Amino acid sequence: MWLNFSSSSSSSFSLLMFLLFLFTFHALAAQDIINTTCQKCSQHDPKIDYNFCVTSLQADPRTRSADLRKLGLISIKLLAHNLTTTRQSIEGMLKKKKINDPHIRACLNDCLELYSDAIDTIEQSNKDYKSKHYEDANMDISSVMDASTTCEHGFKEKDGASSPLTKRNNNVFQLSAIALSIINMLRS
């Protein structure tokens, strides 16, 4: 089979190659800002896991066209989503009759209240961030981070008790730390 490269198919091929180049360049630029940002975040705060940062930010398609400011907003939105799903998970656990330990049930109720308040706080943080009130956004996100830590520590008050929310609390902590780190980069 012979390929016939007439001038119109040659033009189409050139256009296709150009579009492929632009897409690849754009994807590499997006990956570069994510890698650079996550590297700075993890260097600034050793509690931030570089791989968690990259994976979290890459999961959102909006990062493909993001600059640092947009990455900050995306990290806040990822945090808000995580808070909401964690609250829903806690509500589901509390509806189950299988939780017989009064300490675990009390901790879950405390965590439900903490996460409900955190959802309101993150909404305010989003508004503060968008209006470039970074100091206020920083305080809001810091309180969300504290909520995840407080929730986790509540379970540990009883010897032998284990938290069913450890992974979720860690994710909220990490996403909060990433958002705070980006805010601090924007403030400097």
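Analyst: Happy to! Let's start with the whole chain and then zoom in. This is a predicted model, and read along the sequence its chain follows the pattern α-α-α-α-α-α. In other words, the secondary structure comes to six helices and zero strands. Of the 188 residues in the chain, 41% are buried. The contacts tell us about reach along the sequence: among those between residues at least 6 apart, 69% join residues at least 24 apart.

Now to our spot. Gln 174 sits in helix H6, which covers residues 166–187. Is Gln 174 buried or exposed? Its relative accessibility is 5%, and because buried means under 20%, Gln 174 counts as buried. And which residues does Gln 174 touch, leaving aside its neighbours within four places in sequence? The contacts are with Lys 47, Ile 48, Asp 49 and Phe 52.

For contrast, let's visit the surface. The chain exposes about 11,200 Å², and carbon and sulfur atoms supply 56% of that area. On the surface there is also a patch of negative charge, where Asp 110, Glu 113, Asp 117, Asp 120, Glu 123 and Glu 157 gather. One of these, Glu 123, belongs to helix H4 (residues 102–130). With a relative accessible area of 47%, Glu 123 is partly exposed, because that class lies between the 20% limit for buried and the 50% limit for exposed.

Methods: Residues are numbered from 1 along each chain as its sequence is written. This is a predicted model: local features need pLDDT of at least 70, side-chain atom pairs count only at pLDDT 80 or more; totals for chains, interfaces and linings use all residues. Side-chain values use heavy atoms; hydrogens and water are left out. Patches are made of residues with over 30% relative accessible area and no salt bridge: like charges are joined within 9 Å, nonpolar side chains (Val, Leu, Ile, Met, Phe, Trp, Tyr) within 5 Å. Accessible areas come from the Shrake-Rupley method with a 1.4 Å probe; for residues, only the protein chains shown count as cover. A salt bridge is a side-chain nitrogen of Lys or Arg within 4 Å of a carboxyl oxygen of Asp or Glu. Lys and Arg count as positive and Asp and Glu as negative; His and the chain ends are not counted. The place of a charge is taken as NZ of Lys, CZ of Arg, CG of Asp or CD of Glu. Helices (H or I, at least four residues) and strands (E, at least two) are DSSP runs, numbered from the N terminus. Buried means under 20% relative accessible area, exposed over 50%, partly exposed in between (1.4 Å probe, protein chains only). Contact means heavy atoms within 4.5 Å.
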